[in-house]
4 protein chains.
Amino acid sequence: MNTFGERVRLTTFGESHGPAIGGVIDGFPAGFKIDFDFLARRMAERRPGQRGTTQRREDDLPEFLSGLTPEGLTLGTPIGFIIRNKDTRSQDYGKLATAYRPNHADYTYRAKYGLRDHRGGGRASARETACRVVAGALAEQWLLARGVAIEARLTQVGTIRGSHEKLMEEVERVRLDLDSVGGIVECTISGLPAGVGDPVFGKLNARLAAAMMSINAAKGVEIGDGFEMATKRGSEVIDEFYIDSDNESGNSVKTRTNHNGGVLGGISTGMPVTLRVAFKPTPTIGKPLPLLSEEGETFIETVPGRHDPCVAVRAVPVVRAMAALTVIDSIL
Amino acid sequence: MNTFGERVRLTTFGESHGPAIGGVIDGFPAGFKIDFDFLARRMAERRPGQRGTTQRREDDLPEFLSGLTPEGLTLGTPIGFIIRNKDTRSQDYGKLATAYRPNHADYTYRAKYGLRDHRGGGRASARETACRVVAGALAEQWLLARGVAIEARLTQVGTIRGSHEKLMEEVERVRLDLDSVGGIVECTISGLPAGVGDPVFGKLNARLAAAMMSINAAKGVEIGDGFEMATKRGSEVIDEFYIDSDNESGNSVKTRTNHNGGVLGGISTGMPVTLRVAFKPTPTIGKPLPLLSEEGETFIETVPGRHDPCVAVRAVPVVRAMAALTVIDSIL
Amino acid sequence: MNTFGERVRLTTFGESHGPAIGGVIDGFPAGFKIDFDFLARRMAERRPGQRGTTQRREDDLPEFLSGLTPEGLTLGTPIGFIIRNKDTRSQDYGKLATAYRPNHADYTYRAKYGLRDHRGGGRASARETACRVVAGALAEQWLLARGVAIEARLTQVGTIRGSHEKLMEEVERVRLDLDSVGGIVECTISGLPAGVGDPVFGKLNARLAAAMMSINAAKGVEIGDGFEMATKRGSEVIDEFYIDSDNESGNSVKTRTNHNGGVLGGISTGMPVTLRVAFKPTPTIGKPLPLLSEEGETFIETVPGRHDPCVAVRAVPVVRAMAALTVIDSIL
Amino acid sequence: MNTFGERVRLTTFGESHGPAIGGVIDGFPAGFKIDFDFLARRMAERRPGQRGTTQRREDDLPEFLSGLTPEGLTLGTPIGFIIRNKDTRSQDYGKLATAYRPNHADYTYRAKYGLRDHRGGGRASARETACRVVAGALAEQWLLARGVAIEARLTQVGTIRGSHEKLMEEVERVRLDLDSVGGIVECTISGLPAGVGDPVFGKLNARLAAAMMSINAAKGVEIGDGFEMATKRGSEVIDEFYIDSDNESGNSVKTRTNHNGGVLGGISTGMPVTLRVAFKPTPTIGKPLPLLSEEGETFIETVPGRHDPCVAVRAVPVVRAMAALTVIDSIL
């Protein structure tokens, strides 16, 4: 339930307002030198307090507790790490502690467990994704050393597409409106050799879909041309094979187009794997919201707290991390 | 790899032109009476030879080998079943045995395994999904007895939406053009109580996404308003909670709208779970296709054989089956 | 539950008196040529009707349904197989259908599932182990091709140790007494390189112990000197390392003794892995037994049917098979 | 590999001389009040510095980081905890850092991973078992609240059986001899209802065997009469069923004897589950030992450091913990 992967397995734990969040990475190959600056950069990308994100400050740098030599070489044993929670201001939520916010997981956690941590989303908080970025950054480094590069970028905010600048202007506009907005993150995995993935239930695209849908606020995922492919005729989307004679080493079989997004029959073709993830707008907005108390009364109130107007902004490094974790797990 | 689920687990085996396909359902609750007519109806829905599907005839009725009493009660032990392959005409494919068809898994299976069963798609053939429909039909019955109903329907063929009649006319049109076409299947799971699913990596929507993406030719999946939600502001998609006082028994917490598709934080809300799956056009069409031989030569030729012009038509019962298998696994 | 292994996974199904038993081997390496004569020899070793075993005749040769080319090469896809049940004489058991036999699983299956297949032990019958021998014989061949050899032999029957002839005489003596007797099977895995196995919970010895204890009637397992090691001082059981300079290739680190049975810290040392498994006497004997009816009445009656006087005899190939399955799973 | 269990899953991490060891307990039922005094007692039982154990002092009390309300109620989310390493004196080992000690995992870890943490056994150190005792103590409490009690006790040290006092005298004698000694721990699980466990590969005894064999220095495990049962005739070990009419509530089916140790066909009978675990003598003793350097030279030297003369002493709470974790996992 709180574990991702089969060969390289990330188990995460932690509530947003408890003592700490953390994770255990099991099965990571031994003898790999971790670049902690690389990790810090990835952590910085999802850190709150950036433009377009919440004001909550977090250093968010993990403390590694095991699995590494003093020199930063992986031992092959589980890599445990924690990130202490600070600046949590749990009093912010005290007043609404017994109410279910719409579009949030308050009610469903209560329905499942019979009790819940009211403080700031608890386990359902996006803060959990910091642990995914830690593990993903390690996986990404390992993959990079093998020629597999993973990129992710925000390509749409609401109905706006365009440059990062243009998208962030829309986020700012939404913030000033005390509202939130959805967005789309695209991801490309290049350098992946042909033959990665499994047939039937363990298809690479199925695993990527699960990985992406496990990110908070994700509502849709597509591979290659995705939903658009459903509108096309077969003759329009033929990814014709050819031999790339310029390619001196490695796999020279390529396709002239890549409608299928680098996956056929659940297994990589050697072309870039492309995918898109849709994120819903942040549930909590600056305007008053309809709430339901645990006793069954509805009321309208403004929910205090600092919230990103667009979760998709900070989801970019999480999409990248989940892609890295999926690929390292499939490749090993 | 060839197993789906954790508590109720389906393992399938079989190539399209080998002796048989089959499966093992492990963890199915004991003491449940199987309705074999119900099963036969589901099998009929995915059987080739219907309007809009291939001409290959299959009885496709499974022979159950274990896990049932002579009276058809489940024993709690694994339910093994096989479906013999008949009328396979593997000679159809002989000529193209060493060529990679575009948009098919021929090349990727070869890249992964070093060898492959050339006959009719082998393990990558959609014939494998017959086993999913067998297991799904058992799961669906069990769920129905607990008030959980699963519906699936074709809602789009290419760019055409409308009645089943209208959609099938488009399929027929495409067939006469010797082409194929994509489509969209929608699925609704109703009667599911609140609290089903897991947080973080085991989110109900993540599992459903993996289940759907594991179906042959699936290229996209979305929950609730899905990709459209990415284009909206938070204030536009609030699923307001209320107490349904007419609901005398069970869960009376409902939402006035269902943009989230019955899942919040990865856990069911008690509202219907809604999802949509995009299928690409059938790779093989009646027109000549560009092929690549295993020796690296490209050539153009018409691929013989019987092919559905629209895989989405026969995917409907498979979507339903995978939804049923996902839900029974999450609910137990 | 009915699946063994993580990388090479065997799932079995089938009751002793249902239509068939069978299994699915998933994850077996592609491109390996199966030697069916080898398989037939292993099947013959556990077949009833040998000296010291029951009179029930079974051909017990599996029909392979998938995962192999017509030439017997593995495809890398799941290998499904079935063995039809014949000569089952389920009427033998009719009279005692509603009674719990002592030392048998009749009562516990009923307690777990609420119902059970009364015919001949159902799923709890040792007939299920035929499927293990099928899969084990494939694994053993693959291991042999990599220099790993697995041997198993009966070394004790009751209190008798000695030659096979002497042990079988004791079995015959017990049969004439209308009684049954326990026994011990030893197993040696040689040629295993150092470094196989996992630390902590996935220790090679832990996996072997689970594998052996999952065999019907197994009551104890030990690695290396096992229980005797508990009686010794540290200075008496030091496996001193040395470099074997005669060993020109491969691993030249060896130990002068092998009290630890080829495993240290859960990981293979490169020395032979040795283990012993204790089997209890066959529960059913030719003499009258105390029975308990499902209604709670105790009575004494002779249980008809054909029974091995010593299950350990036919357990030999099963021990070998489970060792092979454990090792291939750990080595891949 | 570093995870135990399927429904309640413990993942541990940490080297003996790194910053900390710790674990994550996933799937623990929600709403259970933890008794921290109970936990502290269990931790005290395996703490070094007791009579018969090493002199290394450890508080060994875990810091809980997640999964609990401030009041100590389980949230149903993963329970993360860490135990900082103090007083590690890693310089003790510096001199022997590049040598393989006999009967230790030094060499096998190096063979598996290519590098290892030389400091004090690293991941292979028995210190890891502290995390098992934390998780086991939580499981044990939960089981106790449901009437399932788990006891473990040392019953043999070397060839000595008898009272705890007598056994500890033997341990002391061995210590004065600068030697170490093996031992046997027995465990009884009482109050377990009939019907717990799975057939075939997931037998309760198979899981218990794997759990026990995963403990450092364990070399053998047996259920019920175990190896002695192999020496008996069937007529001597019949566990006759009867109805216990004094038992007003719950399960009244009992057996007059319990040779099978509370398990038949891998499923609990309702009688106490009994098992015995053999531990080898502590590998490191106070006398000089033959060592092998990484460069292949053998030499004899006294290995410094503090070592228990009998690991079985501190294994008692670990056996109990592993039994509790196995049972909670099987019962849920």
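Helix α7(D) carries a kink of about 35°, centred on D:P317. The bend at a residue is the angle between axes fitted to the seven residues ending there and the seven starting there. The model is predicted, so local features need pLDDT of at least 70, side-chain atom pairs count only at pLDDT 80 or more, and totals for chains, interfaces and linings use all residues. Residues are numbered from 1 along each chain as its sequence is written, chains are lettered from A and ligands numbered from 1 in the order written, and side-chain values use heavy atoms without hydrogens or water.

Helix α7 of chain D spans residues 311–331. Helices are DSSP runs of H or I with at least four residues, numbered from the N terminus. Its 21 residues reach 30 Å from first C-alpha to last, close to the 30 Å expected at 1.5 Å a residue. The expected span is 1.5 Å times one less than the number of residues. Of the 21 residues, 20 are buried (under 20% relative accessible area, 1.4 Å probe, protein chains only).

A:A209 lies in helix α6 (residues 204–213) of chain A. A:A209 is buried, with a relative accessible area of 0%. Beyond its neighbours within four places in sequence, A:A209 contacts A:V221, B:A209 and B:M213 (heavy atoms within 4.5 Å).

Technical notes:
Helix = DSSP H or I, 4+ residues; strand = E, 2+ residues; numbered from the N terminus. Buried < 20%, exposed > 50% of the residue type's maximum accessible area, 1.4 Å probe, protein only.
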